[in-house]
Amino acid sequence: MARIPAYKELINTRLANTYGGWIYCEGCNKTIGYLCYVTYDLFRFDYRCKCGNCGSVHLVFERQSTEQTSSEQSLITIKNRLCCPEDKSPLATILEKNLASYKYEISCKTCNTKYQVE
Ligand SMILES: [Zn+2]
Ligand SMILES: [Zn+2]
């Protein structure tokens with residue numbers, strides 16, 4: 001089922017596919033992460049690449065349900081993929097070795113919970 005994003009903004013960053021896939025830094029063309037297509041409702045990623053480029057990704061889908069809860073919990077890592085601790089939905093991968101610094105916010109579509117890492 002096709003989903004329509006309510007908001008999409010990419011700064012100095014390239015996505016392999018329209019709403020997900022590999023994330024590339026436009027400064028050095030290196031892979032800096034991976035975003036799963038169908039499991040998130042919101043993804044906001046700000047980073048500074050080791051090449052010096054600063055960039056960001058901001059994608060938001062219309063939410064089906066109204067309430068979104070924020071969780072203090074951390075995402076869990078399963079096979080290099082950051083996953084929702086509630087339902088184990090795979091959400092994203094951040095390739096820390098290519099990044100000088102980063103922060104992100106991601107919400108899981110399945111349980112409507114938002115996770116934040118600064
Ligand atoms: Zn770079
Ligand atoms: Zn979840």
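Keep in mind that the model is predicted.

Stop 1: The structure holds 1 salt bridge.

**Stop 2: zinc ion, ligand 1.** Select ligand 1, a zinc ion, and show the side chains around it. Which residues donate to this zinc ion? The protein donors are the SG atoms of Cys25, Cys28, Cys49 and Cys51, at 2.2 to 2.3 Å from the ion. The 4 donor atoms subtend angles of 107 to 113° around ligand 1, so the arrangement is tetrahedral. Along the sequence, the spacing of these donor residues is C-x2-C-x20-C-x1-C. Now colour strand E3 (residues 21–25), where Cys25 lies, and strand E5 (residues 40–49), where Cys49 lies; this pair therefore ties together parts that are 24 residues apart in sequence. Is Cys25 buried or exposed? Cys25 counts as buried, at 0% relative accessibility. Cys49 is buried too, with a relative accessible area of 2%.

**Stop 3: zinc ion, ligand 2.** Move to ligand 2, another zinc ion. The donor residues here follow the spacing C-x2-D-x20-C-x2-C. Asp87 is in the loop between strand E9 (81–83) and strand E10 (90–94), while Cys111 is in the loop between strand E11 (99–108) and strand E12 (113–117), so the pair ties together parts that are 24 residues apart in sequence. Check the surface at these two residues: Asp87 is partly exposed, with a relative accessible area of 27%, and Cys111 counts as partly exposed at 25%.

**Stop 4: the sheet.** Switch to a cartoon view. Strands of a sheet pair through backbone hydrogen bonds, either parallel or antiparallel. Here an open sheet of 6 strands runs in the order E1-E6-E5-E11-E12-E7, with mixed pairing. Strand E1 (5–11) and strand E7 (69–70) stand at the edges with a single partner strand each, so one side of each has no neighbour in the sheet.

**Stop 5: strand E1 and its partner.** Select E1 together with strand E6 (residues 54–61). These two run antiparallel and are joined by 6 bridges. End the tour at Lys8, which stands opposite Leu59 in E6.

Key: Residues are numbered from 1 along each chain as its sequence is written. Chains are lettered from A and ligands numbered from 1 in the order in which they are written. This is a predicted model: local features need pLDDT of at least 70, side-chain atom pairs count only at pLDDT 80 or more; totals for chains, interfaces and linings use all residues. Side-chain values use heavy atoms; hydrogens and water are left out. Donors are N, O and S atoms within 2.8 Å of the metal (3.2 Å for Na, K and Ca); water is not among the atoms, so sites may look incomplete. Four donors count as tetrahedral if all angles lie between 85 and 135 degrees; four count as square planar and six as octahedral if opposite donors are over 155 degrees apart and all others between 65 and 115; anything else is irregular. Helices (H or I, at least four residues) and strands (E, at least two) are DSSP runs, numbered from the N terminus. Buried means under 20% relative accessible area, exposed over 50%, partly exposed in between (1.4 Å probe, protein chains only). A salt bridge is a side-chain nitrogen of Lys or Arg within 4 Å of a carboxyl oxygen of Asp or Glu. Two strands pair if DSSP finds at least two bridges between them.
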